[in-house]
Amino acid sequence: MAIGINGNVSWGIVPIDGNSSNLAGTFYEYRFNNLKSANEPLRYQIQWTGITGLNEITEPSKNNWTGSSPSSGTGDGDIVNVIFEVYTTTDYERTFPEDWDLIGTIKKSRDIANRKYNDGTPPSGHRFTVDISRLLSDEITYSLCPIKKGTWQSAFYGGMNGGLTMQDNVLDGGGAMGSPISDYNVSRNGSFRNVKVKTYYEVINGDGQIVSATGNSKTSDLVTVINSVNQFDKDVVYYNNKFAISETVPSTDSHGFMSRCPNHNNSTTPNFSKEVRMDDEAEWLYWFQRRVGVGSGSASVNEVSRIRLHCRNSDGVTFYLKEFASRLRKPSNYGFLQNRVCVQNVSPAYINENNGTTYTNATDTSENPLTVAAYPNGLITASTNHYRIYIQYVTAIGGAVTRHTHYRHYTIDREDEKNPYAFVRFHWLNSVGGIDSYTAKRDVVEGLTISRDVIERKSADRTWYQNDTNTGTLMNDSLYHSDTMRGGDIYKGGREVSNVNAERTQSVYTEPLNQLSAKWLEEIMLSPNVWIEKDTDATAQGNKLNPYLRPSTKEYIPVIITNSDIETVNQAEGLVKFNIEYTFAHKLITQRN
């Protein structure tokens, strides 16, 4: 038994489409853009051409049922509803749809009927359109890499992500002691999702019943979404030529990293350089890796054997950061799509700690975190003023080396910290879905905001006192069951505090900022996720117990920015300063009465 549909279905509007599609005459050409924002509309449309003469104002009818009688369960009918199933994963090679995550199902009846502008006639067929962006924006959060690590453990599960807290006591085997069923009992990477949509249909049969149809299912092309936002006044929403790193060598300063920090250009000479400190252990570069090559075993010049971050400091020393590369797929022909967000630590402390492996261009095929000619005093030394970084590809055939991103420029800030008020280092989810950082150093202020819940209880009897019957013997001492003095219990009663609510508040000023820096740092105020670095007894314990996962004694502590307004441009004054006001997300814990 099989129930089918009358006519045919095809994709209409989809997030990714080519010049030769049926949309080529509708929208601006070339929409083949694999990387999308989860916070922009992501429309999927099914077009149905049914019986002859069907148009948008034609109602689906039971009279169009063909084949056997409805009771036999066979035949073809008009489509009434299209069911869109939305699937996501970080590992797109998993079997679809069985091993992908079904995050939502949308049942959609046909769109409101339209008419052609030139002659008033309705277009042929029916269209069924949904926007799945709301589902996806709830799926993506952030993914922090632990401080002082080179990259996260898994490209599929990310780092310290903002997903759901998973149940972690699921065991197999008998008894209380067993083995965990899942190696990674955590949410998948919070920085990106690969997305596909699959469709099914409901039709009207000869008895006027709405029944499920089989066959004619459509599966969309894969797109990847990141947790970015675009502003109407300045941003485009097409990311392939901006943040997607692929085998194509950029001709302009368009390919880059997931940050709006202005420390990038297409020249070895910086026009803006981001300040980092020698003791910084977490300075991140995030990017979307589309491909590592396009070859299929042939003599393609784009077939890539390795990918790395090429770094060069002001002393003329070249070195390579490539711990992230061990998380990429390594097929035999290197012609493999990646479709994932990557991250690499480029901080001075991380670079110096991983220094020491001898580098030779011809044999640089290891997965060491960093390769360089060994320098005993580190790569970022007292004489280093700045360094620059870009992504470099090395082809498998001929060993050609090409630059595939713009440069990122960093300047060493050597100002001593003031004691006892240390500088405050912020990290935040930026508007492109990566993590940015900044160290604020001026006029630190700390305090408490406190409120109390007060109740009133019955006061004790102050008139009658218990008699003193103590004769000095041990037996008579036992008459006093406690130190309560009946009639004199005035240490309690009346108004009492049942609970204290306390928050630790702080503020700090930035350096004077030019317009470029101020426009970038306003993202701290706009981000829903902000952290500061803290070095405490608790974070030191984490480093002691598991130095592999927590290689630093510092940890991310979430904070809430409380500024209600900031000034980013002041024509009269020139440079501006931000006063960043914040409170800790974890409240101070107090006792209940």
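Okay, ground rules before we start. Residues are numbered from 1 along each chain as its sequence is written, and side-chain values use heavy atoms, with hydrogens and water left out. Since we have a predicted model, local features need pLDDT of at least 70 and side-chain atom pairs count only at pLDDT 80 or more, while totals for chains, interfaces and linings use all residues.

So, the big picture. The protein has five helices and 32 strands; those are DSSP runs, H or I of at least four residues for helices and E of at least two for strands, numbered from the N terminus. Of its 593 residues, 46% count as buried. By buried I mean under 20% relative accessible area, with exposed over 50% and partly exposed in between, using a 1.4 Å probe and protein chains only. As for contacts, meaning heavy atoms within 4.5 Å, take those between residues at least 6 apart in sequence: 73% of them join residues at least 24 apart.

Now, the inside. A nonpolar core here is a set of buried Ala, Val, Leu, Ile, Met, Phe, Trp, Tyr and Cys residues joined through side-chain atoms within 4.5 Å. The largest one has 30 residues, and Tyr44, Ile46, Ile79, Phe84, Ile132, Val195 and Tyr201 touch the most other members. Several strands supply at least two residues each, among them β4 (43-49), β5 (75-89) and β12 (192-204). Which residues does Ile46 contact, beyond its neighbours within four places in sequence? The list includes Val9, Trp11, Val82, Phe84, Phe128 and Tyr201. There's also a second, separate core of 28 residues, which includes Ile245, Val304, Tyr393 and Ile412.

Ile245 takes us to a sheet. Three strands form an open sheet in the order β15-β18-β21, with mixed pairing; strands pair if DSSP finds at least two bridges between them. The edges are β15 (244-245) and β21 (337-345), each pairing on one side only. β15 and β18 (residues 284-291) run parallel and are joined by two bridges, and Ile245 stands opposite Gln289 in β18.

Rings of Phe, Tyr and Trp (its six-membered ring) pair if their centres lie within 6.5 Å; planes under 30 degrees apart are stacked, over 60 edge-to-face, and the rest tilted. That rule gives 14 aromatic pairs. Phe257 and Trp287 are edge-to-face, because their ring centres are 5.7 Å apart and their planes sit at 85°. Phe257 is in the loop between β15 and β16 (264-265) and Trp287 is in β18, 30 residues apart. Both Phe257 and Trp287 are buried. Trp531 and Tyr556 are edge-to-face as well, with centres 6.4 Å apart and planes at 65°. They sit in β30 (residues 530-535) and β31 (residues 554-561), respectively. Trp531 has 5% relative accessibility, and Tyr556 has 6%.

Next up, a hairpin. β26 (residues 424-429) and β27 (residues 435-440) pair in the antiparallel sense over six bridges. Five residues lie between the two strands, and Gly433 in the turn has a positive phi of about 95°. Is β27 mostly covered or mostly exposed? Mostly covered: six of its six residues are buried. Ile435, Ser437 and Thr439 point one way, Asp436, Tyr438 and Ala440 the other.

Most residues other than glycine have a negative phi, and most peptide bonds are trans. Here, a cis peptide bond joins Phe96 and Pro97, with omega about 0°. Pro97 is in the loop between β5 and β6 (101-109), and ring pairs link Phe96 with Tyr87 and Trp100 into a cluster. Asn339 has a positive phi of about 50° though it isn't a glycine; Asn339 lies in β21 and is buried at 2% relative accessibility. Lys148 has a positive phi too, near 80°, and is buried with a relative accessible area of 18%.

Arg329, in the loop between β20 (318-321) and β21, is buried at 16%. Its side chain makes a polar contact of 2.3 Å with that of Asp91. Polar contact means N or O atoms within 3.5 Å; within protein, one must be able to donate a hydrogen and the other to accept it, and residues adjacent in sequence count only if both atoms are side-chain atoms.
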